[in-house]
Number of protein chains: 2
Amino acid sequence: MSNVTQIGQLSAWGGENGKQFIHREIGAEFAGISVNTTEPGGEVPFWHSHERCEEIYIIVDGRGEFALDDEVLPLEPGTVVRAAPGAMHALRCLPDSAVPLRWVCVRAAGEALAEVGRDGTRDEERPFPWSA
Amino acid sequence: MSNVTQIGQLSAWGGENGKQFIHREIGAEFAGISVNTTEPGGEVPFWHSHERCEEIYIIVDGRGEFALDDEVLPLEPGTVVRAAPGAMHALRCLPDSAVPLRWVCVRAAGEALAEVGRDGTRDEERPFPWSA
C-alpha cells in the first residue's frame, strides 16, 4: 500500500467511468474521497443518503444543480455543499454547461473533529529538505 | 449555519492569505477541509503532524515537493498524498513552477470508514427535480 496516487489533470478526473475513488489507493482510514466528472446533461444515477456519514461536494469546474432533500442549489466553480447524515441528495451538470462538472466528494463519519480537537504538533525548527 | 459556501475559481483558491478553511462555513462535523494556493517558491510555514488525524493532500495544479518524514515526493497536477497520523510533513511549490500550487487538504479521524461501513441508502425511484 502506497501513500501516493495519481488522479491526473482536471480534464482526466474520474477516468473512463467518471468516478475515481482515491481513499483505498492511498490507505486512507477515515476519509472517503472520490474525484468525478459529469458531462453536460449528465447526472448521478440515483438519489442517495448516508445514515452516519456527512458528504461534502467541492465543485472545481462546470455548472450544475444540486438536489438536497427538497432544495435545488445552483453549482458553479467554487461551490461547496455539505449533505448532512440522512439528507437525500443528487447532482447534475447543466445541459448547457460550457465544460463538464469536475467535482470532489469527501465522506467522513464517526468522531466529530471538535472532539478529536487540536491534535497537531509543529516542528518549527526542522529545516525543509529543499532548504538544505 | 448554511450548508453551502463558495471558494471561487481555482485561481482564487485560498483568498488573500492562500488558505481557506471550508468545514466551519458549511457546518461539517467530521471532515476538515481547506483549499490552498502556494505561489512558486513558496512553502508552508513549518512541518507538522497530527496525533490522530490523517491528512490527504490533493494537488489540482502546479508543481512542487512534499516532505513526508524522510521522503521527498514530487507533486504535479493530480498527485494525491496521505500523511498518516504521526507523520511529519510539509510542502512547497517549486520556484520554477509555471503556475501556483493549488491544493485541497482533507483531515479526518476517529472512526474508520471500514467500521462505519456501508451506510448508504439509494432511492432509485424518486425523480430528479430537473426531470419534472
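User: What do the side chains of B:E76 and B:R63 meet in?

Analyst: A salt bridge, with N to O at 3.5 Å. The term covers a side-chain nitrogen of Lys or Arg within 4 Å of a carboxyl oxygen of Asp or Glu. This pair links distant parts of the chain, 13 residues apart. B:E76 lies in the loop between β7 and β8 (79-83) of chain B, and B:R63 in the loop between β5 (54-61) and β6 of chain B. Helices (H or I, at least four residues) and strands (E, at least two) are DSSP runs, numbered from the N terminus.

User: What ground rules apply here?

Analyst: This is a predicted model, where local features need pLDDT of at least 70 and side-chain atom pairs count only at pLDDT 80 or more, while totals for chains, interfaces and linings use all residues. Residues are numbered from 1 along each chain as its sequence is written, chains are lettered from A and ligands numbered from 1 in the order in which they are written, and side-chain values use heavy atoms, leaving out hydrogens and water.

User: Which residue forms a salt bridge with B:E65?

Analyst: B:R92, with the closest N and O atoms 2.8 Å apart. Again the pair links distant parts of the chain: B:E65 is in strand β6 of chain B and B:R92 in strand β9 (residues 89-93) of chain B, 27 residues apart. B:R92 is buried, at 15% relative accessible area. There is also a network: salt bridges that share partners join A:E29, B:E54 and B:R82.

User: How many salt bridges are found over all chains?

Analyst: The search of the whole structure finds 12. One of them pairs B:R126 with A:D70, the closest N and O atoms being 3.5 Å apart. That pair crosses between chains, from the segment after β11 (120-123) of chain B to the loop between β6 and β7 of chain A. B:R126 is partly exposed at 28%. A:D70 is exposed at 73%.

User: What is the overall layout of chain A?

Analyst: From the N terminus, the elements run β-β-α-β-β-β-β-β-β-β-β-α-β. That is 2 helices and 11 strands. The C-alpha trace spans about 50 × 35 × 25 Å along its principal axes. Of the 132 residues, 56% count as buried.

User: Which element of chain A has the lowest mean pLDDT?

Analyst: pLDDT is the predictor's confidence in each residue, from 0 to 100. Helix α2 (residues 113-116) of chain A has the lowest mean, 78. Strand β8 (residues 79-83) of chain A has the highest, 98. Chain A averages 94, and 98% of the residues score at least 70. For the complex, the predictor gives an ipTM of 0.94 and a pTM of 0.94.

Key: Buried means under 20% relative accessible area, exposed over 50%, partly exposed in between (1.4 Å probe, protein chains only).
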